[in-house]
Structure formats: C-alpha cells, structure tokens
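I opened this entry to keep track of what I looked up. The notes follow the order in which I went through the topics.

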Amino acid sequence: MSDSPAKPAANSGSGSAAAFGKPPESPTASKDVTSPGDLQQGPADEPDHPHLEIDHDEGAEDNYDADSAYVSLDGSSRTGSITSSITNYVYENGRRYHAYRSGQYVLPNDEDEQERLDLQHHIWLLLLHGSLYTAPLNVPDESDSGSDYRILDLGCGTGIWAMDIADQHPRASVFGVDLSPIQPEWVPGNCRFHVDDYEDEWTYRPDEAFDYIHGRALGGTVADWGRFYRQVRTHLKPGGYCEMQEYDAWIFSDDDSFDRAPWTKEWVTKLDDASKMFGKQINVANRHKQWMIDAGFEDVQEKVIRIPIGPWAKDPHLKELGRFEQLHMQMSVASHTPALFTRVHSYTEQQCQVLIEGVKREFRSRDLRLITIYRFISGRSPGPPPPEL
C-alpha cells in the first residue's frame, strides 16, 4: 500500500408522527462555515490549551496494534415490532443504513455502528467520571410521586443514554427519537422510543413541553441549526435546559504529528468538505455555544476536554481515555467514510477501504500524538422564543 492517501475518482456533487410534522421546505446549510484550511490548527476562536503531557515510559504492554484491545459490547436485544417501511434498510458499500427518510443521515445503523455508539457512550461517561450530563438539573427523586419531569433525547441511537437516565431517575419520563429503530425492545418502564426526524416541524402540545432536551454527536444531521435551536427552546419549559454533547470532527496535535499524518489530514479535510456539499456540515461542535446564545438561551456553559488518540498521555485518566478513543476512532473512520466519500467525492468502495486503512494505521502509530476534542454545552431556556426569532 502507498504511504500517501489514495486519489479519488473525479468529484461530483451530489415513529411518532404526533411529535414531528412535515419537513421544512428546502432547508439550507448555514452559510457561516469555517474552511478546513482554517481548522488545521484548531478553530480560530479557541483559546490556547496546555499541551498534553506525554508518557515517555509507556511500555510494550501498550500495544497499539493488539486485537485484545477490542472488547465486544453486547447484551442488548435490538429488535422490535416496527413496520416494514422503517426496517426495510438500505445497503450500500457493505454497510446498512436507515430506511425512514432514506439518505438524510450518512452514518450506518448496522451492528458495527451500534457497537461504536455503545463504546462512545462509555467514553462520554469516562469524560464526566460517570455522570450522564453537565446541566444543573433538578430531577425529582422517588419520593416525589406527583412529578411530571420530561426528558427528550434527540438522535438517541441505540438508546443507551436514554435508558441509563431513565434508570437513574425513575420519576422522570424519558423519550428517545431516532431515524433508526435499533433500540432494545425491553426498556425501563419510564422510557419510550420513537422513529422520527427531528428536522421536521415539532408538533408537541404545550402541555408536553420538556424539562431537559439532550443531544449527542448530532454534527452532520442538521441543515439549519438556528431553526433547530428555536424548536428546542419552543418545546422546553421555562427554566428547562438544553445540553449538546459533541466532538470536533477534526484531529489536532500539540506538535507536528497532524502534519505527519497525511492519510488523517486528507480524511478530515475531505470529510468536512463532503458534509458541507451534502448540506449538513459535520465539524460544527465549536459553534454550538454561540448558536445557543443567538437562540436566546441563558447561562450558556461549555466544557471542553482534549483527549489523546492512543495511550501516550502521562495522566492516568487521559491514558485510559486514549486507549478507548484510539479504538473508537478506528471504528469512526470506517463509519463516517463510505456514504459521504462515495456519494459526494465519487470514491469507489475500494478507494474508501484504502483510505480507511491508511487513517487507521496512523491512529495506531506510536510516532504520532494525535488529539481529539469533546464538548459539553448547556443552556437554560427563559421560555418560548418571540415570533421574530
């Protein structure tokens, strides 16, 4: 295999019906986008971060290429009685994609992707030392039998976050929404899942407003974030919280590692380009704080955590996170590449596989100190937005 990224073929452009209504007419992507060139050294509005300290004594036990690092995350039943129009999945480039609103979402929903999502859930928990959220929620305890605390999880994926918070807060009513019916059949009694598209007009009644709306890794799923946050604010109770847990769809380094990773550099640049051409930019995590402020949310907070790809950091917590993130990123490149690169950049399936393997090899390299960024952004709604918003 060549040491340089593969060259693509010639470029070409390319449920609960009660909760969400008709899709918006001709949604357009936000015009205020940052170019990949600007992002190579990190978003321009990011403050300088202290460099991650390297563990120069990492030993042979930190085997980057060892298959034993991979742990199967099983134990969930992912079946349900859903209509054939929703489960008649689309198969493309060896991966399985959602059938409902086919083509709206570019990541697969097959078993490999479900396992990646469950692994990433573990990483989110490690980042918060076991907590599911950062917002200052006032969820009623079990002694409060008259409570009506409502939680909405947008893009719930396998449903693991929704089920965890339902278990943690049995007096709350938890609702998960996703395009794919990949959630378990057996769930906590206070948890419900619906197949629907949160880009549609939300049709919840005023008495169905939520106390907390949560979204995780929604980059690349929304064409109009201003409209998205207006709908979130509209359907939150006054004083209710919105929280987005996101990761930057970019790779960083404190040294010259990123510049010495040509496959990775090629991948993140073309991934972001393709997502913008698709109409739903994926690398937008660093813009959520301002979007919340612009939508009128109050007390907007952002927690930014930089973690290594690989167990090379000296800090024990970062070292553990790095082990999991190294595995997660190898799964991520396999999930994020096929649809966008074949549909937008006209890559063949073989070209995609060459690129994927090149990036994965760099993620495993002991000579590269690559970094990813995770973010937790929360804000309080003062009430429904005025009409002019």
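Entry on strand 10. The model is a predicted one. I began with P308 and found that it stands opposite I371 in strand 10. I371 in strand 10 also has F252 opposite it.

I then looked up which strands pair with strand 10. Strand 9 runs antiparallel to strand 10, and 9 bridges join the two. Strand 7, residues 236-247, pairs with strand 10 over 7 bridges, in the antiparallel sense. For C242, I noted G379 in strand 10 as the bridge partner. Strand 8, residues 252-253, is also antiparallel to strand 10, with 2 bridges.

How many residues of strand 10 are buried? I found 10 of 11, and I wrote the strand down as mostly covered.

Entry on the nonpolar cores. I looked up the largest nonpolar core and found 47 residues in it. Which of them touch the most other members? My list reads L127, I251, W267, I307, F341 and F363. I then listed the elements that give this core two or more residues: helix 3 (111-127), helix 6 (262-278), strand 9 (298-308), helix 8 (316-343), helix 9 (349-364) and strand 10 (370-380). Helix 8 supplies the largest share, 7 residues.

Leaving aside neighbours within four places in sequence, I noted W267, K270, L271, S346, Y347, C352 and L355. Another core lies apart from the largest one; I counted it at 25 residues, including V177, Y229, M244 and V300. For background, I wrote that nonpolar side chains in soluble globular proteins tend to be buried together.

Entry on H288. I placed H288 in helix 7, which covers residues 288-294. Is H288 buried or exposed? I marked H288 as buried, because its relative accessibility is 0%. Beyond its neighbours within four places in sequence, H288 is in contact with W225, Y229, M244, E246 and I377. Y229 and M244 were already in my notes, as members of the 25-residue core.

Entry on the cysteines. I looked for disulfides and found 0. C156 counts as buried because its relative accessible area is 7%, under the 20% cut-off. C352, one of the contacts of F341, is buried as well, with a relative accessibility of 2%.

I found 13 of the 17 residues of helix 3 buried, and noted the helix as mostly covered. After helix 3 comes H129, which has a positive phi, near 55°.

Which residues of helix 4 are buried? For this helix, residues 160-168, I wrote down W161, A162, M163, I165 and A166. I then looked up what the buried residues of helix 4 pack against. My list has helix 3, together with strand 3 (149-154), strand 4 (172-178), strand 5 (191-195) and strand 6 (210-216).

Definitions and conventions: Residues are numbered from 1 along each chain as its sequence is written. This is a predicted model: local features need pLDDT of at least 70, side-chain atom pairs count only at pLDDT 80 or more; totals for chains, interfaces and linings use all residues. Side-chain values use heavy atoms; hydrogens and water are left out. A nonpolar core is a set of buried Ala, Val, Leu, Ile, Met, Phe, Trp, Tyr and Cys residues joined through side-chain atoms within 4.5 Å. Buried means under 20% relative accessible area, exposed over 50%, partly exposed in between (1.4 Å probe, protein chains only). Helices (H or I, at least four residues) and strands (E, at least two) are DSSP runs, numbered from the N terminus. Contact means heavy atoms within 4.5 Å. A disulfide is a pair of cysteine sulfur atoms within 2.5 Å. Two strands pair if DSSP finds at least two bridges between them.
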